[in-house]
Amino acid sequence: MHELGMEFKTPTINLQILPEQYPRFCKYLKYYLAINMRECTEISDKHEKYLTKMFGGVPDMPLGILDDVVVCFQHYPTFEEGKSKWDERKAKINY
């Protein structure tokens, strides 16, 4: 997008969604984008297993949750900043 001089119109820039959850996120995209993301302060055993597989443990970065999908904001210092960018970019999607 940078090389083409295009605006980012996807909320998934500069974050990670766990590989096990990404297909479901894409399949039900409109559902997940309609949900208000909240900060993930407690990690379920299932999510801890996925995070450990991906990062070698629960990462020290802000995490958000959309129903059952964990969003890892590795390029943002706080959840609030990551969520703000998520909401801003989410509003630009042209289905």
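These are my notebook entries on a predicted model of one protein chain.

**Ground rules**

I count residues from 1 along each chain as its sequence is written, and for side-chain values I use heavy atoms, leaving out hydrogens and water. Since I am reading a prediction, local features need a pLDDT of at least 70 and side-chain atom pairs count only at pLDDT 80 or more, while totals for chains, interfaces and linings use all residues.

**Confidence**

I looked up pLDDT, the predictor's confidence in each residue, from 0 to 100. The chain averages 90, and 100% of the residues score at least 70. Confidence is lowest in H3, with a mean of 83, and highest in E2, at 96. These labels come from DSSP runs numbered from the N terminus: helices (H or I) have at least four residues and strands (E) at least two.

**The sheet**

Next I traced the strands, taking two as paired if DSSP finds at least two bridges between them. I found an open sheet of 4 strands in the order E1-E4-E3-E2, with antiparallel pairing. Its edge strands are E1 (16-17) and E2 (38-39), each pairing on one side only.

I then went through the pairs:
- E1 and E4 are joined by 2 bridges, and Gln 16 has Cys 72 as its bridge partner in E4.
- E3 and E4 share 4 bridges, with Gly 64 partnered by Val 71 of E4.
- E2 and E3 (residues 63-66) have 2 bridges, and Arg 38 stands opposite Ile 65 in E3.

E3 and E4 also make a hairpin with 2 residues between them, and Asp 67 in the turn has a positive phi of about 60 degrees.

Which way do the side chains of E4 point? Val 69 and Val 71 point one way, Val 70 and Cys 72 the other.

**The cores**

I moved on to nonpolar cores, which are sets of buried Ala, Val, Leu, Ile, Met, Phe, Trp, Tyr and Cys residues joined through side-chain atoms within 4.5 Å. The largest has 14 residues, and Phe 25, Met 37, Leu 66, Val 71, Phe 73 and Trp 86 have the most contacts inside it. Helix H2 (29-34), strand E4 (69-72) and helix H4 (79-90) each give two or more residues to this core. A second, separate core of 9 residues includes Tyr 50, Met 61, Leu 63 and Ile 65.

I checked Leu 66 for contacts (heavy atoms within 4.5 Å). Setting aside neighbours within four places in sequence, Leu 66 meets Phe 25, Tyr 32, Ile 35, Asn 36, Met 37, Val 71 and Trp 86.

**Two loop residues**

Is Phe 73 buried or exposed? Phe 73 sits in the loop between E4 and H4, and it is buried, with a relative accessible area of 0%. Beyond four places in sequence, its contacts include Leu 15, Met 37, Met 61, Phe 79 and Trp 86. Lys 83 is another contact; the C-alpha atoms of Phe 73 and Lys 83 are 8.5 Å apart, with the two residues 10 apart along the chain.

Gln 21 lies in the loop between E1 and helix H1 (22-27). This residue is also buried, at 0% relative accessible area. Not counting residues up to four places away in sequence, Gln 21 touches His 47, Tyr 50, Asp 68, Val 69 and Val 70.

Technical notes. Buried means under 20% relative accessible area, exposed over 50%, partly exposed in between (1.4 Å probe, protein chains only).
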